[in-house]
Structure formats: C-alpha cells, structure tokens
Amino acid sequence: MTIPERISKSDPFRTTPELHALLYEWYFTYDTANSLARVVTAEARSVACIGTPTIASTIADRTERTLLVDADPGVFQRFPTLASIGNVSIAELAQSVPLAASSDAAVLDPPWYVNDILRWLSFATKYIRPGGSLYFVLFPELTRPSARSERQTILAHASRLGKVEHIESALTYSTPLFELEALAAVGCPDPGDWRAADLVIITDVAPHKAWQPPVTTHLGDKGWSTHVLGEQVVKLKTSPNGDPGDILSPVRGAVDNVLTSVSERDARRQEVDLWTSRNRVARVGQQKVVEGWLERLASSPYEAVAPVISREDRPAFDMLQRVLAGAK
Ligand SMILES: C[S@@+](CC[C@H](N)C(=O)[O-])C[C@H]1O[C@@H](n2cnc3c(N)ncnc32)[C@H](O)[C@@H]1O
C-alpha cells in the first residue's frame, strides 16, 4: 500500500473543540486518513473504528455499516457526518456498548503503550467476525528506550491472532495544538506534521478465547471532568492531589504553567490536576471551587465572573485565568 508522506498545515479535519493530550488525541492527516480508509474499505464492507474517528468519518458513506467507539463526545462536533451513522458509542473502551459484533474489519489507534495496544486488540477482536481483519498503529522504535522490545511483544501477540503484515512509517499525524504548545515552549515553534508510525494488518483473525487483556492505567478520561470553554477543553481531576490550603497552585517545573512534554515519563504529570487542551497545567487543592469557576466560565466571559469572586479567592482565580489564556 502507498500512503503519501506530506507535511500538511491545512487539514480539512475540524479540530474544535480542541484535542486533548489526556485522551492521546493525535489525529491522522487528511491524506493518511483517506489512504487508510481506502485500504480498509477495499476489503471490508463493515468496519469497526475503535479510537479512530477520522477513519469513521471518512468511510461513513463507503460501507454498509460503520461503527465508532471513542471516549470523546467532541467527535460529533468535529465530524458532523458521524451523527448519520448511528453506531457510535461514546465511552471508555471497557464501558462501551457492544455496538455490533461481526464487522469485516476493525481499525484501532490506541495510546502508544504495550499494555494499551494489547488491551485494545483484545477488545477489537470482539467486534469482528472470525476470519476478519485488524488494522492497528504501531509506535516507532525511537518512541522510548524500551520501544524496540515492546514492539516485538506486540507483534508476537499479533501473529498469534492471524497473518501479520507490517508496513513501516505508513501513517502520518497532524500535529495537535497541545503538542505545538509543548514544542513552542522549548523553542521549536513549527515542527510540521513530524509524527509517523507503522501500520500493522492482521488478516484471517481467529481470536484466542483464553486471552485476558492486560491491565492499564490509561482509561480515557475516567477520573476527570471535562469543561468546554469556547474552543478550549479543560480536564479537571475529580480527586486532585494539591494542598487543600491552596485552591490552585503551579505544577513544579512547569514554567508559565506549560507542560513542555506530554510524555508519561515526565514526572510532572503526576502533579497535574487541571490540564488544558493548550497544555497549560495546575495543581488543585479545592476541586469543588475550581469546578464551580470552570462551570461559570463555560457560559460567561471572565469579565462577568471575576467581580463575584471574593477578594480572598481572587489570586487563585487570576491564576486560573492565566492557565486558561494559552495560545490562539
Ligand atoms: C491516538 S488517538 C487516535 C485517533 C486516530 N489517529 C484518528 O485520526 O482518528 C486515540 C483515540 O482514542 C480515543 N480514546 C483514548 N483513550 C480511550 C479509551 N480508553 N477508550 C475509548 N476511547 C479512547 C481518543 O478520544 C482518540 O480519539
């Protein structure tokens, strides 16, 4: 299969509400989504898209049945065509409604961690018919020091499910705003669409029933509430770890409140209780207070909310305003 490599800065996919790093929302470029959609629908008439909303929206009118499982309700705003396919489950993978088994194929793009990929593969087998095909993304070797052996583990599992084809660097991602913000903060303002990954195709899938999906800590945005302020998406931990004496405080080492890396290996991530789609972060000591402010700011501008904040709480509210400012 040939998938064109392109640096595209004007993808026609809508990315409002903004994509969020907590859900690993790296969308394919328009060209990649189209090429992958073409490859999948050449063989399959019914397709289960698992965490692949760009593919679901691209193939919606090309298949007899398309279904989508994704944790983010924002997909309906980004892809209005999804409303017409009906088979959409907005939920964490384990909580998703089994929309329909027996699709010819499933396309999945899990977070780039070995346990997540194996867990998602195990779920995906429930959506396809015996002998169907699985298409999934495999992170490149340079992702982290352990990536090479993790890839081997994943490919070994894949080969137990069926016949494996592995195409290197076949898929390109459109760089999301949260990553642009992280890179700009470390002096790399315009990386283009630099992120690529491999495509793995498993055909003649015969799910082995004894396979217990591995445990993972990446459960979508479970444990967080979501607040949409204009185009910006703000995630707030329901049980934050900040000092209860401070409504809001900075994450240590996050200069100007920017999380300069979205990597799980970055120790600062443990401290993050509030996280914006522009990669601004804060610790939260009083969740109810911050949640109340975010709810008000979702429907009223800062200038209308600020006057009703007590003098005592004002420094924390002003910090929230700085965290929410960000790019754009
Ligand atoms: C790496 S992105 C893949 C997007 C894909 N490249 C595309 O262009 O359509 C992961 C996707 O899975 C969804 N997601 C992340 N964690 C999830 C979970 N635990 N359960 C269900 N969906 C999840 C995200 O909302 C996001 O759309």
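1. Helices (H or I, at least four residues) and strands (E, at least two) are DSSP runs, numbered from the N terminus.

2. Conventions should be kept in mind. Residues are numbered from 1 along each chain as its sequence is written. The model being predicted, local features need pLDDT of at least 70 and side-chain atom pairs count only at pLDDT 80 or more, whereas totals for chains, interfaces and linings use all residues.

3. An open sheet of seven strands shows mixed pairing in the order β3-β2-β1-β4-β5-β7-β6; two strands pair if DSSP finds at least two bridges between them. Because β3 (88-90) and β6 (163-172) stand at the edges with a single partner strand each, one side of each lacks a neighbour in the sheet. From one strand to the next, the twist averages 15°. Axes are lines fitted to C-alpha atoms, for helices over the stretch in contact, and angles run from 0 to 180 degrees between N-to-C directions.

4. Strands β5 (residues 128-138) and β7 (residues 196-203) run antiparallel and are joined by five bridges. V137 stands opposite L199 in β7. Helix α6 (residues 147-161) packs on the sheet and touches β5, β6 and β7, its direction making about 135° with that of β6. Helix α5 (residues 114-124) lies across β1 (46-50), β4 (103-108) and β5, and runs at about 155° to β5. Contact requires C-beta atoms, placed from the backbone, within 7 Å.

5. Most residues other than glycine have a negative phi, and most peptide bonds are trans. The bond from T16 to P17 is cis, with omega near -5°, and P17 is found in the segment before α1 (30-43).

6. D256, in the loop between β10 (248-249) and β11 (274-276), has a positive phi near 55°. N279, in the loop between β11 and β12 (281-284), has a positive phi of about 65°. D256 counts as exposed because it has 12 C-beta neighbours inside 10 Å, whereas N279, with 27, counts as buried. The cut-offs are 20 or more other C-beta atoms within 10 Å for buried, 12 or fewer for exposed, and partly exposed in between, with C-beta atoms placed from the backbone.

Terms used: Two residues are in contact if their C-beta atoms, placed from the backbone, lie within 7 Å.
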